[in-house]
Amino acid sequence: MNTLRNKVQLIGNLGNDPEIINLESGKTLAKFAIATNESYTNNDGEKITDTQWHNVIAWGKTAEIIEKYVTKGKEIAIEGKLTSRSYDDKEGNKRYITEVVCNELLMLGGK
């Protein structure tokens, strides 16, 4: 049951090509955002689509697979965990970000 404590599963489309970073330690990092869409009908009978953007990072072999096969617009399913961190931007302001650390990836759709 412990594996359910921090688990995220998303299916969405990439907004841009992944950013691939090769670190000095030899590790590979992939950073990208995926959009998930949820549709519903409002009280006036209009179909509304709500799009949410999710920041995703992946390490190691998963990042290498993303680098080779995943591009802007592709539909993927990911599984991972939520993490939050802070950093200082160029102006010295503290910024906070929540990301999904992807540990499993499934490519969906056509070729």
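User: Why is C102 called buried?
Analyst: In this predicted model, C102 has a relative accessibility of 4%. Buried means under 20%, so C102 counts as buried.

User: Where does C102 sit, and what does C102 touch?
Analyst: C102 is found in strand β6. Leaving out residues up to four places away in sequence, C102 touches V56, I57, A58, T62, I78, E79 and G80.

User: How far apart are C102 and N6, in sequence and in space?
Analyst: They are 96 residues apart in sequence and 12 Å apart in space, going C-alpha to C-alpha.

User: What makes the link between E79 and Q9 a polar contact?
Analyst: The two side chains come to 2.7 Å. A polar contact needs a pair of N or O atoms within 3.5 Å, one able to donate a hydrogen and the other to accept it, so the E79 and Q9 side chains qualify. E79 itself is found in strand β5, and its contacts, not counting residues up to four places away in sequence, include K7, V8, V101 and N103.

User: Which residues have the most contacts inside the largest nonpolar core?
Analyst: That core has 15 residues, and F32, I34, V56, I76 and I78 have the most contacts inside it. Strands β1, β3, β4, β5 and β6, along with helix α1, each supply at least two of the core's residues.

User: How much of the chain counts as buried?
Analyst: Of the 111 residues, 28% do. The accessible surface comes to about 8100 Å², with 46% of that belonging to carbon and sulfur atoms.

User: What share of the contacts with a separation of 6 or more comes from residues 24 or more positions apart?
Analyst: That share is 56%.

User: How many charged side chains are there, positive and negative?
Analyst: The chain has 15 positive and 16 negative ones, and the centres of the two sets lie 6 Å apart.

Note on methods:
Residues are numbered from 1 along each chain as its sequence is written. This is a predicted model: local features need pLDDT of at least 70, side-chain atom pairs count only at pLDDT 80 or more; totals for chains, interfaces and linings use all residues. Side-chain values use heavy atoms; hydrogens and water are left out. Buried means under 20% relative accessible area, exposed over 50%, partly exposed in between (1.4 Å probe, protein chains only). Contact means heavy atoms within 4.5 Å. Accessible areas come from the Shrake-Rupley method with a 1.4 Å probe; for residues, only the protein chains shown count as cover. Lys and Arg count as positive and Asp and Glu as negative; His and the chain ends are not counted. The place of a charge is taken as NZ of Lys, CZ of Arg, CG of Asp or CD of Glu. A nonpolar core is a set of buried Ala, Val, Leu, Ile, Met, Phe, Trp, Tyr and Cys residues joined through side-chain atoms within 4.5 Å. Helices (H or I, at least four residues) and strands (E, at least two) are DSSP runs, numbered from the N terminus.
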